[in-house]
Amino acid sequence: MSPESLSASTPSAPSEREALKVAVAVPLEPQLVETIRAVDPRITVLYEPDLLPPERFPADHSGDPSFRRSPEDEERYWKLVNSADVLYGFPNESAPGFARVVAENPRLRWVHAMAAGAGGAVKASGVSTSDLERVMVTTSAGVHALPLAEFALMGILNGLKRTAELAADQRNKHWPELRIPTRLAAGSHVVVAGLGEIGLETARLARALGMTVSGTKRNAEPIEGIREVATAERLPELVADADVVVNTLPGTPFTERLIGRDVFGAMRPGTILVNVGRGTVVDEEALVEALENGTVGYACLDVFATEPLPSSSPLWDHPKVLVSPHTSALSVAENRLIAERFVENLQKFLAGEPLPHRVDPVHFY
């Protein structure tokens, strides 16, 4: 199914007298539950916080891993999610939980995932394409655009201002005799692989610092404020005069190892790489080679092909690499932003309008 047909598909809205049951399947603050409850009198919100694991930090959707339900509470939890038309979150925030509720709940029509890139979990669930036509899954894509863009800007500035070397000198109490100049953000050229919501927000912040931005998009149509927009096939050409390359692309068969030896080979020495998309987009073996030969002068990486990053990975100890444990999207505002996005979608659902950011049941993005 194409993204175009997905965006055009319209959910069946409940009738004026039909109650819509929305079950909160993951930890959520009571005040945000009330925000959902206030959307429409046709909505019944099923929320039993004692059945949900406590959050260890804001937007801890999985909750405390030591949490265990009693057999009676486990039965109550599944009775709750299996009576819903709509779910806020995957049951137990897991692919198996999603598979189970799809199999057991014939009235389920829509699940809103907490993640921006929920396609991998949907694929891992093994739910059939026909079931995914019945139960659509939407993601929280776009909610994380600002924190991810801010993290990307941090990585860009770290590279331009040589903060890794400064930190090493500080650890060693070394005051260098030669003061090496840093590079200006203003006038630098950033190439963003993936000009979606995250990429465009990154571009906006970069331009605020006086940077020139180019990038890739599936449809290479002009975008105001972007110097050049090209398809992914032209990425080696775009990076040839880039100071920075930022990846915001999702992990799909089409993007796997897109940033590999051919792209690194086209870069100028000292290029900065930031990855806030998916780890599979970057060929990590080729990245290590590019770091060693000086093509990449600094890499700020929040995502990796295998997570957690194996202890054997040379990226852990490389002096020109910042390793972040896939946390760049997290912010204290995340739960509120996701709930607001869900409320917008819920209003569309009630009106029978198409929902944005639906997971493609064939390609899983």
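## Ground rules

Local features in this predicted model need pLDDT of at least 70, side-chain atom pairs count only at pLDDT 80 or more, and totals for chains, interfaces and linings use all residues. Residues are numbered from 1 along each chain as its sequence is written, and side-chain values use heavy atoms, with hydrogens and water left out.

## The nonpolar core

Let's start inside. The largest nonpolar core has 52 residues; such a core is a set of buried Ala, Val, Leu, Ile, Met, Phe, Trp, Tyr and Cys residues joined through side-chain atoms within 4.5 Å. Helix α13 (residues 334–351) gives the most to this core, with 7 residues. Helices (H or I, at least four residues) and strands (E, at least two) are DSSP runs, numbered from the N terminus.

I36, Y88, F98 and L346 have the most contacts inside the core. Leaving aside residues up to four places away in sequence, I36 touches V22, L28, I43, V45, Y88, F342, V343 and L346, where contact means heavy atoms within 4.5 Å.

A25 sits in the loop between β1 (20–24) and α2 (30–37). With a relative accessible area of 3%, A25 is buried (buried is under 20%, exposed over 50%, partly exposed in between, using a 1.4 Å probe and protein chains only). Beyond residues up to four places away in sequence, the contacts of A25 include L52, Y77, F90 and N92.

N92 itself belongs to the loop between β3 (86–88) and α4 (95–104). N92 is partly exposed, because its relative accessibility is 35%.

## Helix α7

Helix α7 (residues 145–160) has 16 residues and reaches 22 Å from its first C-alpha to its last, close to the 22 Å expected at 1.5 Å a residue; the expected span is 1.5 Å times one less than the number of residues. Of the 16 residues in α7, 12 are buried, among them F151, L153 and I156.

## Backbone spots to look at

Most residues other than glycine have a negative phi, and most peptide bonds are trans. N92 has a positive phi of about 60° although it is not a glycine, and so does H357, which lies in the segment after α13. R162, which follows α7, has a positive phi near 60°.

The peptide bond from E307 to P308 is cis, with omega near -5°. P308 is in the loop between β11 (296–301) and β12 (321–323).
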